[in-house]
Amino acid sequence: MYAQMVDTGSPDAQALDAREARFQQRIDDGIRIEPQDWMPERYRKTLIRQISQHAHSEIVGQLPEGNWITRAPSLKRKAILLAKVQDEAGHGLYLYSAAETLGISRDQMVDDLHAGRAKYSSIFNYPTLTWADVGAIGWLVDGAAIMNQIPLCRCSYGPYARAMIRVCKEEAFHMRQGYDLMLALCRGTPAQKAMAQDALNRWWWPSLMMFGPPDGDSVHSAQSQAWKIKLFTNDELRQKMVDQTVPQAEHLGLTIPDADLKWNAERGHYDYGAIDWDEFYAVVKGNGPCNRERLETRRQAWDDGEWFREALVAHADKQVQRAATKAA
């Protein structure tokens with residue numbers, strides 16, 4: 001039916017095909033796409049979906065660790081955690097700004113998040129039960145984030161790629177801070193090391209799920225790679241994460257909670273066990289341990305800050321009026 005309704009041989013369709021071909025050639029040649037450049041609507045929508053989801057993840061990602069700011073065991077650890085949570089807020093702002101260059105407003109993105117139309121990383125729907133979870137998040141979650149985000153510094157869309165340069169530098173510190181915290185626990189009392197092991201047990205598999213579904217089940221991966229929005233597949237990044245993390249766990253004296261984990265000399269990589277994708281999809285669909293709590297907290301924070309946003313807008317309007325008066 002659709003083929004009968006659309007004349008794919010029309011001059012307009014041919015012109016669009018030619019334009020898309022030139023667009024793809026620019027990407028293949030390694031030329032960055034900028035906001036003023038023509039782009040296919042599908043490319044724009046894919047970027048909005050990915051960048052806004054990334055921004056939402058940075059903002060919601062403040063909540064699991066922010067929960068421990070008042071309970072940090074020392075002033076040093078409190079200052080480190082405060083700085084990290086502040087960094088995550090900044091990352092969200094960089095990314096919202098990058099997404100706005102594609103023609104969507106920040107208010108629309110936030111409204112999509114609060115209404116459940118937009119997603120954020122599944123990892124932030126798990127609870128932080130002990131202080132060791134703060135270390136595990138820094139080591140594992142930020143470690144996975146860096147693995148995924150460093151290639152984005154070379155992605156085809158200029159504003160996104162440039163935003164990721166600073167984000168990745170700061171995330172590298174977050175990972176080191178998390179590993180340092182885990183190392184301190186593992187060198188502490190038996191109870192502290194047990195706490196670190198428990199945190200690893202709970203965060204290991206959700207961290208591997210962060211890269212998204214297996215390549216065969218990924219809806220957007222192939223097209224995103226063709227457009228160089230993504231440079232590696234989900235499974236390639238997941239394998240890098242496993243290969244990097246296993247030696248780090250061994251140095252800590254901790255055990256990866258995977259009975260099937262072993263070195264494969266033929267592949268030159270670690271083999272690892274099956275991931276519970278039913279759990280992943282349940283969390284993505286809103287049925288994780290903390291989905292409702294996270295969204296409700298974000299909605300409440302947005303409502304509580306309404307007076308401040310209104311004051312900023314009123315001040316900006318007043319400044320514009322003053323400038324206009326002086327110009328007259």
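Guide: A term to start with: a salt bridge is a side-chain nitrogen of Lys or Arg within 4 Å of a carboxyl oxygen of Asp or Glu. Keep in mind that this is a predicted model.

Visitor: How many salt bridges does the structure hold?

Guide: There are 17 salt bridges in the structure. One of them pairs E20 with R42, whose closest N and O atoms are 3.9 Å apart.

Visitor: Which helices do E20 and R42 lie in?

Guide: E20 is in helix α2 (residues 11-28) and R42 is in helix α3 (residues 41-60), so the pair ties together parts that are 22 residues apart in sequence.

Visitor: Is E20 buried, exposed or partly exposed? And what about R42?

Guide: E20 counts as partly exposed, at 25% relative accessibility. R42 also counts as partly exposed, at 47%.

Visitor: What about E65, what does it form a salt bridge with?

Guide: E65 forms a salt bridge with K84, and the closest N and O atoms are 2.6 Å apart. E65 lies in helix α4 (residues 62-66) and K84 in helix α5, so this pair ties together parts 19 residues apart in sequence.

Visitor: Are those two buried or exposed?

Guide: Both E65 and K84 are buried. They are also linked with D142 in a network of salt bridges.

Visitor: And D112, which residue is its partner?

Guide: D112 forms a salt bridge with R117, with the closest N and O atoms 2.8 Å apart. D112 is buried, with a relative accessible area of 16%, whereas R117 counts as exposed at 53% relative accessibility.

Visitor: New topic. How many residues are in the largest nonpolar core?

Guide: The largest nonpolar core has 52 residues. Those with the most contacts inside it are W139, W203, W204, L252 and L254.

Visitor: Which helices supply it?

Guide: At least two residues of this core come from each of α5 (75-100), α7 (132-149), α8 (158-186), α9 (190-209), α11 (234-252) and α12 (277-287). The largest share, ten residues, comes from α7.

Visitor: Back to charges. Which residues form the negative surface patch?

Guide: D303, D304, E306 and E310 form a negative surface patch. Helices α13 (291-304) and α14 (306-327) each supply at least two of the patch residues.

Visitor: Where does D304 sit, and is it buried or partly exposed?

Guide: D304 lies in helix α13. D304 is partly exposed, with a relative accessible area of 47%.

Definitions and conventions
Residues are numbered from 1 along each chain as its sequence is written. This is a predicted model: local features need pLDDT of at least 70, side-chain atom pairs count only at pLDDT 80 or more; totals for chains, interfaces and linings use all residues. Side-chain values use heavy atoms; hydrogens and water are left out. Patches are made of residues with over 30% relative accessible area and no salt bridge: like charges are joined within 9 Å, nonpolar side chains (Val, Leu, Ile, Met, Phe, Trp, Tyr) within 5 Å. Accessible areas come from the Shrake-Rupley method with a 1.4 Å probe; for residues, only the protein chains shown count as cover. Lys and Arg count as positive and Asp and Glu as negative; His and the chain ends are not counted. The place of a charge is taken as NZ of Lys, CZ of Arg, CG of Asp or CD of Glu. Helices (H or I, at least four residues) and strands (E, at least two) are DSSP runs, numbered from the N terminus. Buried means under 20% relative accessible area, exposed over 50%, partly exposed in between (1.4 Å probe, protein chains only). A nonpolar core is a set of buried Ala, Val, Leu, Ile, Met, Phe, Trp, Tyr and Cys residues joined through side-chain atoms within 4.5 Å.
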